[in-house]
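Hi everyone, thanks for making time this morning. I'd like to walk you through one model, so please have a look at it while I talk.

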Amino acid sequence: MSYKPETKAIRTQTGRTQEKEHSTPLFLTSSFVYDSAEDMAAAFADDSLEVNIYSRFSNPTVDEFIDKICVLENAEDGIATGTGMAAVFSTFMTFLAKGDHIISASAVFGSTHTILTKYLPKWGIDYSYFDMNKPESIEALIKPNTKMLYVETPSNPGLDIIDIEYVAKLCKQHNILLVVDNCFATPAVQQPINFGADLVLHSATKFIDGQGRVLGGVVVGRKELIQPMYLFVRNTGPSMSPFNAWVLTKSLETLYVRMDRHANNALKLAKALEGHAKITSVKYPFLETHPQYAVAKKQMSNGGGIVTFELKGGLESGRKFLNALQMLSMTNNLGDSRSIASHPASTTHSKLSAEEKAAVGITPGLVRVSVGLESIDDIVADIMQALEKC
Ligand SMILES: Cc1ncc(COP(=O)(O)O)c(C=O)c1O
């Protein structure tokens, strides 16, 4: 039978052991044994992904997590990493070498920005940024040594959106790898491979876990692209722990239900905030006022769980707003069952220069709300009372 993705997110499971467990087992082991010296020698002679040797290389629980993400993202193969940043870094290190050039949207997660601007140039890899709102500016940045185009859509924290199909066509014409960070949407909402992306990566720490417990990352794509990534991760060691994989694969069983509720709550919050006297603008992919609303509607099945808004009073209002919250958590994570508010300009991004903040889309009054699974009435009430005090 051919099952729907939400069924596969629940029913894809490691082969049942002789114990006949119903829920998926956890293979919390660093290494695997062999029946004979010959079997052991054969395992080491073969670089195949099929033989379990050591959990830095592969592990059945981690494989189950990878298999599920592949099914949901419509990908052939994947690798899992200890964090989202390890997924980003492993992707760059596998496909970029000294003398290469990468084009990236300037609106990317802060640590990705740091890798692009501080580490890659140190190793002779050049980068160019483009504005997510001007995809037509990309073509002029392409050079003979351009190997990769990197985008987050929607971006963190600015919620900018790019037409994946448009950039995929451009990348194919110029033989450039298109890598999409799909962390904000999750495969329950958007499948970039269906629009032509070559590789899709995630910080699984966010909505994929969904309860703020573990860190993780994953990259999926065609087999021939994943094989060199597998060897990079196997040899350099940013592998995912089996325990984290077990938590994450259980989380995927509820991903579709959770993303529906996150998105319903987020849309209601965005609508409740529109026109509020204390704020200048509200941004949410499925609000008609979003500059890329039409693109969002084309490639996303809902608007996701993040809403941003701009406080009229800038930096000082941002601080007052956070201090006035009674229920929402003040923390820098996102994609949790608990609603979270953050004010990047005074916290996570306070050390960035004004130009750097502008490059990654951070304005003084920007507030990011990761809308949780609580009653929307309680979420809206807490935000409204905090707005009154700032
Ligand atoms: C869009 C995006 N990509 C990557 C990362 C990095 O993930 P991790 O914190 O799991 O390393 C984050 C973390 O917030 C993120 O939001």
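So, what are we looking at? The protein has 13 helices and twelve strands; these are DSSP runs, H or I of at least four residues for helices and E of at least two for strands, numbered from the N terminus. Please keep in mind that this is a predicted model, where local features need pLDDT of at least 70, side-chain atom pairs count only at pLDDT 80 or more, and totals for chains, interfaces and linings use all residues. Residues are numbered from 1 along each chain as its sequence is written.

First, the overall shape. The C-alpha trace spans about 75 × 55 × 40 Å along its principal axes. For 390 residues, a compact globule would have a radius of gyration near 21 Å, and the protein agrees, at 21 Å. That radius is taken over C-alpha atoms, and the globule rule is 2.2 Å times the number of residues to the power 0.38.

Of the 390 residues, 48% are buried. Buried here means 20 or more other C-beta atoms within 10 Å of the residue's own, exposed means 12 or fewer, and partly exposed is in between, with C-beta atoms placed from the backbone.

Now the ligand. Which residues surround the ligand? They are Thr83, Gly84, Met85, Phe109, Glu152, Asn156, Asp181, Cys183, Ser203, Thr205, Leu215 and Gly217, each with its C-beta atom, placed from the backbone, within 6 Å.

Next, helix H7, residues 223-236. Leu225, Ile226, Met229, Tyr230 and Val233 are buried in H7. Seen down the axis of H7, the buried residues fall within an arc of 135°, so they line one face; the arc is that of the directions from the helix axis to the C-beta atoms. On the other side of H7, Glu224, Pro228 and Asn235 are exposed.

Just after H7, Gly237 has a positive phi of about 95°.

Happy to take questions!
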